[in-house]
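Thanks, everyone. Please bring up the model, and I'll walk you through it.

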Amino acid sequence: MGLQQRGASVLVVAWSDGVPVGSAQLDLRTDPFEVKNLHVDERARGQGIGTALMAEVERLAAPASRLAVGVGVDNPRARALYERLGYRSTGQESTTTYEYVDAHGVRRTATETDVLLMKDFPAGSPL
Ligand SMILES: CC(C)(COP(=O)(O)OP(=O)(O)OC[C@H]1O[C@@H](n2cnc3c(N)ncnc32)[C@H](O)[C@@H]1OP(=O)(O)O)[C@@H](O)C(=O)NCCC(=O)NCCS
């Protein structure tokens with residue numbers, strides 16, 4: 001059974017004219033909950049879709065008092081978006097190596113260093 005079926009994770013999808021153009025995952029297994037895999041179709045970027053996905057993730061996470069998100073140290077664009085929304089660096093870095101299948105079906109390995117960002121939601125604040 002997948003994480004979503006077990007209630008361990010929620011997938012949020014953004015639609016435009018019936019076509020999925022972006023998604024984000026809210027992982028409920030950790031304390032605090034963690035936002036993962038925020039992604040917007042290249043052609044649909046810069047229109048506020050990433051921001052809207054984050055707003056929906058935050059709404060779903062309520063009444064959590066804080067949320068975490070890891071962002072690549074070489075990803076200033078995503079980091080700027082999170083910082084604009086109030087996420088702040090904890091200074092905590094982690095390096096992971098993972099396997100993925102690229103657009104041509106080729107299995108590849110990638111190593112990524114993430115910094116952990118955190119946003120606090122004061123008790124009673126409307127999400
Ligand atoms: C990071 C990512 C999700 C952002 O998605 P997006 O839909 O372009 O995000 P937004 O449009 O909400 O915001 C991006 C910028 O567009 C601008 N923007 C927001 N709304 C806008 C609008 N209506 N019109 C024009 N520009 C707008 C914002 O100024 C914002 O800049 P800032 O983040 O530096 O403040 C997207 O670039 C992406 O998928 N990247 C690859 C995957 C990735 O790196 N994911 C993050 C993993 S941690």
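Predicted model: local features only at pLDDT ≥ 70, side-chain atom pairs only at ≥ 80, totals over all residues.

Start at P63. It lies in the loop between α1 and β4.

P32 sits in the loop between β2 and β3.

Helix α1 covers residues 49-61, which is 13 residues.

Which residues of α1 are buried? They are I49, G50, L53, M54, V57, E58 and A61. Look at the spacing. Residues three or four places apart in an α-helix point the same way, because there are 3.6 residues a turn. As for partners, the buried residues of α1 pack against β1, β2, β3, β4, α2 and β6.

E58 deserves a stop. This glutamate forms a salt bridge with K119, and the closest N and O atoms are 3.2 Å apart. K119 lies in β6 and E58 in α1, so the pair ties together parts that are 61 residues apart in sequence. Buried or exposed, these two? Both K119 and E58 are buried.

β4 pairs with β3 in the parallel sense, over two bridges. Find A68 in β4, and you will see E34 opposite.

While we are on β3, look at N37. N37 is in that strand. Its phi is near 55°, which is positive, and this is not a glycine. N37 counts as exposed, because its relative accessibility is 57%.

β1 and β2 pair in the antiparallel sense, over eight bridges. One example is V12, whose bridge partner in β2 is A24. The hairpin has two residues between the strands. D17 is in that loop. D17 also has a positive phi, near 50°, again in a residue other than glycine. Its relative accessible area is 80%, so D17 is exposed.

L11 belongs to β1, residues 9-16. L11, V13 and W15 make up a nonpolar patch on the surface. Together they have about 320 Å² of accessible area. Note the numbering, every second residue. In a regular strand the side chains alternate between the two faces of the sheet. L11 itself is partly exposed, at 49% relative accessible area.

Back to charges. How many salt bridges does the structure hold? Nine. You have seen K119 with E58. Next, R29 with D27, where the closest N and O atoms are 2.8 Å apart. Here the two ends differ in cover. R29 counts as exposed at 51% relative accessibility. D27 counts as buried at 1%. Salt bridges that share partners join D27, R29 and K36 into one network.

Then there is a pair within one helix. R79 and E83 meet in a salt bridge, 3.0 Å from N to O. They are four residues apart in α2, so about one helical turn separates them. R79 is partly exposed, at 28%. E83 is partly exposed too, at 31%.

E112 is in β6. It counts as partly exposed, at 29% relative accessibility. What does E112 touch, beyond its sequence neighbours up to four places away? S94, T95, T96 and Y98. For scale, E112 and R79 are 33 residues apart in sequence and 15 Å apart in space, C-alpha to C-alpha.

Compare V101, in β5, residues 88-101. V101 and L117 are 16 residues apart in sequence, and 27 Å apart in space, C-alpha to C-alpha. Leaving aside neighbours within four places, V101 is in contact with V106 and R107.

That's the tour. Questions, please.

Methods:
Residues numbered from 1 in each chain as written. Heavy atoms only, no water. Patch = residues over 30% accessible without salt bridge, like charges linked within 9 Å, V, L, I, M, F, W, Y side chains within 5 Å. Areas by Shrake-Rupley, 256 points an atom, 1.4 Å probe, with all protein chains shown as cover. Salt bridge = Lys/Arg side-chain N within 4 Å of Asp/Glu carboxyl O. Buried < 20%, exposed > 50% of the residue type's maximum accessible area, 1.4 Å probe, protein only. Expected span 1.5 Å × (residues − 1). Contact = heavy atoms within 4.5 Å. Pairing = 2+ DSSP bridges.
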